[in-house]
Amino acid sequence: MTRVKLIFQCIFFLCFIKGGSLVQAQCIVINEILINGPGSCDGSCNPSTEEWTELYNTCSTPVNIGCFVLSDGEFTVTIPQGTILAANDYYVIGSPNSGGTVDLNLATCNCASGTLIGTYSNSDEQTVLFNGSGAIVDAVYWGNGDFPMNISSGGPGACSNVNVNISNVSTAFEHLPTPGTNGCSVARKCDGSSVWEQRCAPLMSINATNGAPLVPAFIASDTTICPSNCVNYTNLSTGTATSWLWSFAGASPISSSTAYSPNFICYVSNGSYTVTLQGTNGCGTFTLTKPGYITVSSIPVPQISPSAPQAFCPGDSVLLSSTVGAGYQWKLNNVNIPGATQQTLWAKTPGSYSVKIGSGNCTNTSPPVTVSLSALPTATISANGPTTICTGGTSSLSAGSGFNSYAWLFNNALLSGETASTLSVSNPGNYTVIVTNSNGCKDTSLATTIGFSTGFSVTILATDTVFCKGKNVQLSLSASYPTVLWSTGENTPTIAVTLGGKYSVIASNSAGCSGKDTIRVRMLPAPSANAGKDTLADCTNGAKLNGSSSGTTFLWSPSDGLDDPTVLNPIAKPESTTTYTLTVSDALCSWSDEVLVTVDCGNLYIPNSFSPNGDGMNDYFKALGNNVTEFEMRIYNRWGELIFESTQINQAWDGTYMNYPAPSGVYVREIKAVNPLGKKLLSDAMRFGTIVLYR
């Protein structure tokens, strides 16, 4: 076994490495190292700008490399806690100035110590990668190495301090070829392998694959087929190959192929056949063999028993059975029935049934069998007489016509000999009927209950048994009856009575049974209510309402403007004309009456002319009115000059201006007046007007 095969086949197992020592294989390896910088800097490169070391995860699952330490004994780099390296992925430690993308930037990470980071200045160097517990994960050296080594790390964040002492070369170290001239690196020829090669100038790489190993994998479109059927293969291999070679044992006419995913590989004979896939690239040749992967076998045609068309009634089913086979799948109307994979099937749905046997492409399907649903009859009972019978009475029940047979039941017990479509009943109880149609399907009716009565009680319901004069009481029955007769002569279920006294009713049911009930109601006299005569209320004093009554409780509505709405004679001071209602009540009854209160709350009269000529007639101009609490009057001549003003309604203008008679003509007057309620007696539109002065 070569070293390369060891690397790929021993992940997660214990494998022999150099010298025959047994060490545990790891997922993480040092995959590439920049030996000399990209300039003439052998031994004198700037560690923060020109160096890198590449790690590689050889496993198919992610690995947490947080707190892993990379060191040569002089420098130390601690990978931050929680760093995850994906499956078959790369992680580069260095600087962006080194010519590629790095995952851990040494110029900014504050996670490195020492003077040289990845620059190897002589022929005796080594690089060691160990986990956060100090166990060596991977290590390489060239020349004689620089042993012994003492590696210390104080990791960033939550990583623990670790110390590693290496006195000489251990079996965990791999020996690299001697480094070349300036501008070179060393890398594993294939990712994760033990073979190293020198790379210079354009061959130098960073964050790039060095050649991945192949992992062959494939699937077939079907693995169980019938003779002369064909299979398509899908290549699911990981990694890149330079060539593929398939081998198909038992296939004809094609038994091998170099296609990536070959199709139409056919098999003609029964048997079990092996398939092999081989892929080759620069890292080697990799093979996957699946023994007995393809099974070829013939399948007979199954038959369904019974094979004749079948019918069933709703709620029933038909048993179908396959005569031969294995791997059953029943179908309804050529669609698979979920879970129907047994030799027998209870068919509960009408349609075309078939059964397929076998698996994969090697199957056979039976001829179909038709299963139909017979019509279900509907059983009902109609009563041709009363459903409650009195002593000695009978009734008749009918199940209708058109059925092949009838069977009557009384209280769930079969009535012997009762097979007609009608039934005469004289006993109370529950009656049902079972009918059968021409298809043999049956249905059972709902039960019809026949009641029995020697008489029954009738109850009168009243909205009240005491009512006030002028009102009424509604009398009604507690149930509905075909025949009703009240003592008033009325025959309706409900009556309204307006007089006190005794009332009775006789009610009969459909069976001819009757019942009687009586009720007494009392009419109370209503209290008298008189709201008084309509009246006039002035704005200041209002008006006293003159109500009178024989009742004990009084209430005026609305209450607006009343000093006390609960007395017979309140003082009313409404803001506008209002109709007041007096409601008088005693212990049970009440009565109402209304009164109209007209509001006189200020008025104003303004003349439109006067003649101040001293004849004693209309010699002054003034406003006339009552209930005026605020007043303003101004007179203007035609030039808009104020020639008179007053705040007293009784103060008049005598027709003079500055003690001289004003000339005849038209003058403008402005008047404002407010009543005791603060309301204007003149609107804004009426505030201004004209007056004519005659001489």
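Two strands pair if DSSP finds at least two bridges between them. Strands here are DSSP runs of E with at least two residues, and helices are runs of H or I with at least four residues, numbered from the N terminus. On that basis, 4 strands form an open sheet of mixed pairing, in the order S54-S60-S59-S57. This is a predicted model: local features need pLDDT of at least 70, side-chain atom pairs count only at pLDDT 80 or more, and totals for chains, interfaces and linings use all residues. Residues are numbered from 1 along each chain as its sequence is written, and side-chain values use heavy atoms, with hydrogens and water left out.

**The open sheet**

- Strand S54 (535-538) and strand S57 (553-557) are the edge strands, and each pairs on one side only.
- Neighbouring strands of this sheet are turned by 30° against each other on average, direction ignored. For such angles, axes are lines fitted to C-alpha atoms (for helices, over the stretch in contact), and angles run from 0 to 180 degrees between N-to-C directions.
- S57 and strand S59 (residues 578-585) run antiparallel and are joined by 5 bridges.
- Across these strands, Thr 553 stands opposite Ser 585 in S59.

**Trp 556 in S57**

- Trp 556 is found in strand S57.
- Trp 556 has 1% relative accessibility, so it counts as buried. Buried means under 20% relative accessible area, exposed over 50%, and partly exposed in between (1.4 Å probe, protein chains only).
- Leaving aside residues up to four places away in sequence, Trp 556 touches Ala 531, Leu 545, Gly 547, Leu 562, Pro 565, Val 567, Leu 568, Pro 570, Tyr 580, Thr 581, Leu 582 and Val 595. Contact means heavy atoms within 4.5 Å.
- A polar atom of the Trp 556 side chain lies 2.6 Å from the backbone oxygen of Val 567. A polar contact is a pair of N or O atoms within 3.5 Å; within protein, one must be able to donate a hydrogen and the other to accept it, and residues adjacent in sequence count only if both atoms are side-chain atoms.
- Trp 556 and Asp 593 are 37 residues apart in sequence, with 9.7 Å from C-alpha to C-alpha.

**Pairing around S27**

- Strand S26 (residues 271-281) and S27 run antiparallel, joined by 10 bridges.
- S26 and S27 form a hairpin, with 2 residues between them.
- Tyr 273 has Ile 294 in S27 as its bridge partner.
- Strand S20 (residues 224-225) runs parallel to strand S27 (residues 284-296), with 2 bridges joining them.
- Ile 225 stands opposite Val 296 in S27.

**Aromatic pairs**

- Rings of Phe, Tyr and Trp (its six-membered ring) pair if their centres lie within 6.5 Å; planes under 30 degrees apart count as stacked, over 60 as edge-to-face and the rest as tilted.
- This rule gives a count of 18 aromatic pairs.
- Tyr 233 and Trp 246 are a tilted pair, because their ring centres are 5.7 Å apart and their planes lie at 50°.
- This pair links distant parts of the chain, 13 residues apart: Tyr 233 is in strand S22 (residues 233-235) and Trp 246 is in strand S23 (residues 243-248).
- Tyr 233 counts as buried at 1% relative accessibility, and Trp 246 counts as buried at 0%.
- One aromatic cluster is formed by Phe 218, Tyr 233, Trp 246, Phe 248 and Tyr 293.
- Lys 290 lies over the face of Phe 218, at 4.3 Å from the ring centre. A charge sits over a ring if NZ of Lys or CZ of Arg is within 6 Å of the ring centre and within 35 degrees of the ring normal.

**Backbone exceptions**

- Most residues other than glycine have a negative phi, and most peptide bonds are trans.
- Ser 252 and Pro 253 are joined by a cis peptide bond, with omega about 5°. Pro 253 is in the loop between S23 and strand S24 (256-257).
- The peptide bond from Ser 557 to Pro 558 is also cis, with omega near -5°. Pro 558 lies in the loop between S57 and strand S58 (571-572).
- Cys 67 is not a glycine, yet its phi is positive, near 75°. Cys 67 sits in the loop between strand S5 (63-64) and strand S6 (69-71). Its relative accessible area is 13%, so Cys 67 is buried.
- Asn 411, not a glycine either, has a positive phi of about 55°. Asn 411 lies in the loop between strand S40 (405-410) and strand S41 (413-414). With a relative accessible area of 41%, Asn 411 is partly exposed.
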